[in-house]
Amino acid sequence: NLGRIFKYLKDSDQYKSTLIVFTSDHGEHLGDHFLFGKLGYFDQAFSIPLIIKHTQANEINSNNSHKKISKVNVFTESIDVMPTILDWLEAEIPEECDGMSLFPLIKGKIPDNWRAEVHWEYDFRKIGSFQPMIEKKFGLTPDQCSLTVIRDEKFKYVHMTALPPLLFDLKEDPGEFKNLANDPNFKSK
């Protein structure tokens, strides 16, 4: 169906002036950490695909492929999609907006004030018959079944409402097997 939409946009001469954003609400484990879906705090569930075709990327070469395709390797968050669309529309981005427009990155420039870490939250309380063992096993109430993550290039800190925290050195332990939260050498990290 995407092909049909793109064909319509091209046939109606709207393709070059249309911003196209491909994204998702979450990533997938696909067997990583012996998990499937979007469970827990691991990066795979929160590495969300994002592809943006913008109006300045319409130069087509003789092979009918885009001349410039770039991949940006900096931290972005889902909250950046809305300000990116508003920026493209040349509309005001509300001051209350936590996200930042991705257009500087699309244009190949990383702003000096770009984020150095990424944040996410996960709600793991029992929903229907899904995961009933978590609340029971750990003796948690539904409002205690959440976690918050802050991750930079080197460390990942996982704060849970009613369970002990986790800290991983992602350079030394990319599989996140060794919790350093209680190691006194990492208290200041």
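A search of the whole structure identified 6 salt bridges, a salt bridge being a side-chain nitrogen of Lys or Arg within 4 Å of a carboxyl oxygen of Asp or Glu. The structure is a predicted model, in which local features need pLDDT of at least 70 and side-chain atom pairs count only at pLDDT 80 or more, whereas totals for chains, interfaces and linings use all residues. Residues are numbered from 1 along each chain as its sequence is written, and side-chain values use heavy atoms, with hydrogens and water left out.

One of these salt bridges joins the side chains of D43 and K156, at 2.6 Å from N to O. Because D43 lies in helix α2 (residues 43–46) and K156 in strand β5 (residues 155–160), the pair ties together parts that are 113 residues apart in sequence. Helices (H or I, at least four residues) and strands (E, at least two) are DSSP runs, numbered from the N terminus. Both D43 and K156 are buried; buried denotes under 20% relative accessible area, exposed over 50%, and partly exposed in between (1.4 Å probe, protein chains only). D43 and K156 also belong to a network of salt bridges in which they are linked with R151 and E176.

A further salt bridge is formed by the side chains of D80 and R115, with an N to O distance of 2.6 Å. This pair links distant parts of the chain, 35 residues apart: D80 is in the loop between β2 (50–53) and α3 (81–88), and R115 is in the loop between α4 (103–106) and β3 (118–123). D80 counts as buried because its relative accessibility is 0%, and R115 counts as buried at 14%.

D169 forms a salt bridge with K154, the closest N and O atoms lying 3.0 Å apart. D169 is in strand β6 (residues 166–169) and K154 in the loop between β4 (146–151) and β5, so the pair ties together parts that are 15 residues apart in sequence. With 7% relative accessibility, D169 counts as buried, whereas K154, at 33%, counts as partly exposed.

Apart from these charged pairs, L2, I5, F22 and I51 make a nonpolar surface patch of about 360 Å². Patches are made of residues with over 30% relative accessible area and no salt bridge, like charges being joined within 9 Å and nonpolar side chains (Val, Leu, Ile, Met, Phe, Trp, Tyr) within 5 Å. Accessible areas come from the Shrake-Rupley method with a 1.4 Å probe; for residues, only the protein chains shown count as cover. Within this patch, F22 is found in strand β1 (residues 20–23) and counts as partly exposed at 31% relative accessibility.
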